[in-house]
Amino acid sequence: NKIYLSVKKHDKNTMLMEASNTYDQSNVQKHLYQTGGLGIQNLKRRLELLYPDRYELNINKEDNIFQTTLKLQYDD
């Protein structure tokens, strides 16, 4: 599997984080059953608590690539 990570300043108070990784499609269901699939739900909950209305989270799965993009507005 390959992993790509990028963190950069988008503008004065906005950070852009991107992550993508390949995965084995034949193993996805088994993994979700073992972990409960709660990681993304927990992430969304924490973002809403810490950065209400100040973030954008996009998650995409296509072929064997899982890609996430998080745009986060923060205070200095």
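These legends accompany several close-up views of one predicted model.

**View 1. The whole chain and its order of elements.** Let's start with the fold: two helices and four strands make up the chain. Read from the N terminus, these elements follow the order β-β-α-α-β-β. Of the contacts with a separation of 6 or more, 45% join residues 24 or more positions apart.

**View 2. Confidence along the chain.** The mean pLDDT is 86, and 83% of the residues reach 70 or more. Please read helix H1 (residues 28–35) with care: confidence is lowest there, at a mean of 56. Strand E2 (residues 14–22) has the highest confidence, at 95.

**View 3. Aspartate 53, between helix and strand.** Here we look at the loop that links helix H2 (39–50) to strand E3 (55–62), where aspartate 53 is found. Most residues other than glycine have a negative phi. Aspartate 53, although not a glycine, has a positive phi of about 60 degrees. Its relative accessibility is 73%, which is over 50%, so aspartate 53 counts as exposed.

**View 4. Aspartate 63, between two strands.** The next stop is the loop between E3 and strand E4 (65–73), which holds aspartate 63. This residue is not a glycine either, yet aspartate 63 has a positive phi of about 50 degrees. Aspartate 63 counts as exposed because its relative accessibility is 59%.

**View 5. The surface of the chain.** Among the 76 residues of the chain, 12% count as buried.

Conventions
Residues are numbered from 1 along each chain as its sequence is written. This is a predicted model: local features need pLDDT of at least 70, side-chain atom pairs count only at pLDDT 80 or more; totals for chains, interfaces and linings use all residues. Side-chain values use heavy atoms; hydrogens and water are left out. pLDDT is the predictor's confidence in each residue, from 0 to 100. Buried means under 20% relative accessible area, exposed over 50%, partly exposed in between (1.4 Å probe, protein chains only). Contact means heavy atoms within 4.5 Å.
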